[in-house]
Amino acid sequence: MLQRLSRVALPPLVVVAALAAYRVIAVASTDDRIAPARNEPLIIAPRFDEPRVATDEQLAAVLDRVKPPVQPLKTNNMVHALRLWGLAADFHDPRFPTGRQMRDYILDDRVFRQFAGDRAPPLFYRDRHGLAVRSFDEVTTDQDTSSYHADDLLATLAEVGTPLDTPLHLRDCEGHAGKATVGDLLNDSLRRFHLDRLEYEWAAISYARYVFPQKQFKNLWGDRLHVDQIVDEAVAPALALGPCNGLHRLEALAVLYRADEQCRALGPHTKRKILAHMRRVSDLLVQSQTTEGYWTRRWPDGTPAASPAKADADDIYDLILVTGHQLEWLALAPEEVQPPRETIVRAGQWLTRTLLALDQKDIEAAYGPYTHAARALALWRNQEPYQAWLKLQPVSVSLSAIQTHK
Amino acid sequence: MSTVEPFELPACVTRDNLTGPYFPNTSKAMLAAVIALCAIFALTSFNRLNHTDLWGHVNFGRWIAEHGALPTADPFSSAPTSQPMLHSAWLAQLTAYEVEHWFGKEGLVFGHALLMAAIAGVLMWAAVCRGAPAGWAWVAGAAMFVLDLPIHGTIRPQLFGQLGAALFLLGAAQLPTRRHPLVWLPIVAALWVNLHGSILMGIAILGAFAVGMTWNALADRGWKIGAAVADARLGRAWLALALVLAAACLNPHGPLLLVRTVLFGEHAALSSISEWQATRFSSLTGMLLLASLAGTVALVKLSPRKWELFEILILAAFAVATFSAIRLLAWWALAWPVIAVPHAAAAWQAWRSGAGFQPAEARRTGFESAHDGLEIRPTDSTAMRTLMAMGVVFMTALLAPPSFALISGQARGDGPIMVTDTPLYLADDVARRDLAGNIAAPMDWADYLVWKTDGRLKPLVYSHVHLTDAQTWDDHRAIFQGDPAWMAKLREHSMNYVAASRKRNPELTKAIMVDARGQKPNVRIVYQDQRCVLAEILPAK
């Protein structure tokens, strides 16, 4: 009886014991949390200083026109303003928020409410997947104070150098639930990322600045996403597809490429793919530039559009949106994909002239694209926008700024 | 002329120190069977969960578990019809829900692989019982796996039906010489009839077997009815059929279920579903059917075994059935190996022996040789092969994703487990926002949306199309084909949301996008990605 029992039971018992031993010895516990290599985001500095794009005076004058508007309050404007002006900005004018206030608008719900009012729903909330950002599509109300693009808040925090251990002050979250950091936001945002998304540009920028040289991460659904796949997502679609005429994709590619120069994460094939894509766009820009220097939304066609006989505000908005974004990514892109410098100078001068000629109300009504244009000019001058603006301010403002800095 | 000394392996190599009274020995045939079963388990486990109607069944399972009763009307549709519910798979639905509840999606994949291995194991046993040498058993399992390729990738209650059919084939193989199938066949029938509505296939198998036995008994007794009736084989066959018929009435509908199952395929909407359409020769199903039919013709010529009436009836019935509807390949894939493998083995042995084909009178029936294949020569079995079999099982457990997940305690996550067409991100967003109300969604997406929202979203149509009335079905098709009256139809059915696939419903997607950007929009887009668009239908102005 014992022999029979042993013959039946022994083999499965041995297999089960071996599998249990395998689990103990060979299976390491894995934490799916994204573990960035550094606390501080990578800084992607401009490469060029081309005075012909805009003189110091022109640059300061343009920047003076795009100081942060707070009325009507839009989170999108705050994000664009913070991105342009940086943390150091202080206009010494109560009408304009400082750089730190703009950053704290995102980080601290108390500051957010000072601007948006107590009735505005918070920017962040917790759902079953962790920290979530209130998005534009979420509800029909309070869209002005919501995030406009997926992960734009995180990417902006990265661009202004916010460390991952910076705390986030959330609303109505007591105890552990109320404690969060930018690192939590990074983790929970990237864990929600998937390749079917329509907007992945800001996630790519955040990933490059915070997580490089880590090559891959796992999302909520268990998919292991490699940075090369994100590059493919940015390269594959039609050129004009995506937010702002598809031009944030080019900026994301430029940031990925530049971040890779600092800490290697991209494969050689992927880097070649990025360069080829940028070079293709660069060639199209040379072909499609108008005699005045700007580009229209039809730049992917590669043929210059006829200048509108009488440009109205909507046309100008589009032209500045496209031309500003194009110059912005080109300022970060490597030398080998640059169009002839003459192309850049013509576009820069057109932007400068047009921004200076625009009605101030029009600028405030569509603030975002204009900040891209102003930022592009500053990048091409290799200058911090706030410092460039400050240089040509009256002495009293400059002194106040210096004292504040001290 | 030199002579070569015979080379002898040293004793330390040939000595079998493993063999002993406390450790089992394994034959080559058994080792081959273990390898085949492990391969089937592993290969099946690489299938992702197909979203087509799986989640519809799991939804019903959850409803049954939560309410402790069977639904009397469709609990998920936005507009339940007067179509009566047919509870032919309630036990499978409940089982699937409980497996998902306790073991997650990995549990479903594991269960799927286990069911396929069990079906293959039973068929292999049945083939041996029908006279195939034990060493050929693995061929039956492999043949089933190949023939079932278009079917077995999808986990659904039909797999339980296939296991039932395999057990019925085993019972039919054992009944001529054994009485115990009379005990367990009714139990299997009672379970089968509650697990899947295909019990008629089992009744057909046993019916064909009883007719075949009657024919054999009459032929053996010189066509004298009185003498044939006294044949024990005959009594067992008909008694088994009667017991199974009685057991098949143990279901929520009683005997009526059998009638309603026959009429099930008459629903107008089913004609639009590919698996209910006739088999095309150019399809994989058609090619597999034709290849196996060609194999059958070859075996008719080459096999020295006698062809039983039972075999002919089963093959003919299931071949005709498969030509009429693609999904019926499931039954052909089970019957063909059990019948063909013993003939193939006989033909092979005849060819190997070089004796040519035996005269007809020397042909043995499968039942007479039923136990030949189980004989295991003492010299054939070794403990080393047992170790090898254990190694194969060990490696399979590590290689197969669901068993590895179980062992490591690390589930893969929804993305790698489910087919890529599952609306994962849409459903997640819908659940995250707690959306509730009526939704028009692609039929195969709707089940998963119901699952993720715990029934708060009620689809216009979902994969249980037989519960939909003809008008709703037509409207659903029109909406998703981009009919100009799409908005009117959505409003007519009181829909709150509409979800469209960019790839499969390009016209509707375009219409939604254009409408949402219009001056007086009827819809507001609440979610979109590269695959889909979800829009809220705004109140009519």
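## Helix packing between chains

In this predicted model, the axes of helix 1 (residues 2-26) of chain A and helix 16 (residues 383-399) of chain B come within 10 Å and cross at roughly 40 degrees. Axes are lines fitted to C-alpha atoms, for helices over the stretch in contact, and angles run from 0 to 180 degrees between N-to-C directions. Helices (H or I, at least four residues) and strands (E, at least two) are DSSP runs, numbered from the N terminus. Helix 1 of chain A and helix 16 of chain B are therefore oblique to each other; angles under 35 degrees count as roughly parallel, over 145 as roughly antiparallel, 65 to 115 as roughly perpendicular and the rest as oblique. The crossing of helix 1 of chain A with helix 16 of chain B is right-handed. A crossing is left-handed if the near helix is turned anticlockwise from the far one by less than a right angle, and right-handed if clockwise.

On the chain A side, the contact (heavy atoms within 4.5 Å) is made by A:Pro11, A:Val14, A:Val15, A:Ala18, A:Leu19 and A:Tyr22 of helix 1. Helix 16 of chain B supplies B:Thr386, B:Met390, B:Val393, B:Phe394, B:Ala397 and B:Leu398. Eleven of these residues are nonpolar, one is polar and none is charged. Ala, Val, Leu, Ile, Met, Phe, Trp, Tyr, Cys and Pro count as nonpolar, Asp, Glu, Lys and Arg as charged, and the others, Gly among them, as polar.

## Interface and salt bridges

Chain A puts 37 residues into the contact and chain B 36 residues. About 3,100 Å² is buried between chain A and chain B, 58% of it from carbon and sulfur atoms. Buried area is the accessible area (1.4 Å probe) that two parts lose on being put together, summed over both.

Three salt bridges are found across the interface of chain A and chain B, a salt bridge being a side-chain nitrogen of Lys or Arg within 4 Å of a carboxyl oxygen of Asp or Glu. A:Asp196 forms a salt bridge with B:Arg531, with the closest N and O atoms 2.6 Å apart. Over all chains the count is 46 salt bridges. Within chain A, A:Asp232 pairs with A:Lys273, the closest N and O atoms being 2.4 Å apart. A:Asp232 lies in helix 10 (residues 227-235) of chain A and A:Lys273 in helix 12 (residues 268-288) of chain A, so the pair ties together parts that are 41 residues apart in sequence.

## Helix packing within chain A

Helix 8 (residues 182-191) and helix 9 (residues 201-211) of chain A have axes that come within 11 Å and cross at roughly 130 degrees. Their crossing is left-handed. A:Val182, A:Leu186 and A:Leu190 of helix 8 meet A:Ala203, A:Ser206, A:Tyr207, A:Tyr210 and A:Val211 of helix 9. This contact has seven nonpolar, one polar and no charged residues.

## Backbone features

A:Phe212 and A:Pro213 are joined by a cis peptide bond with omega about 10 degrees. A:Pro213 lies in the loop between helix 9 and strand 5 (216-218) of chain A.

B:Trp223, not a glycine, has a positive phi of about 60 degrees and lies in the loop between helix 9 (199-220) and helix 10 (225-229) of chain B.

## Basis

Residues are numbered from 1 along each chain as its sequence is written, and chains are lettered from A and ligands numbered from 1 in the order in which they are written. Local features need pLDDT of at least 70, side-chain atom pairs count only at pLDDT 80 or more, and totals for chains, interfaces and linings use all residues, while side-chain values use heavy atoms, with hydrogens and water left out.
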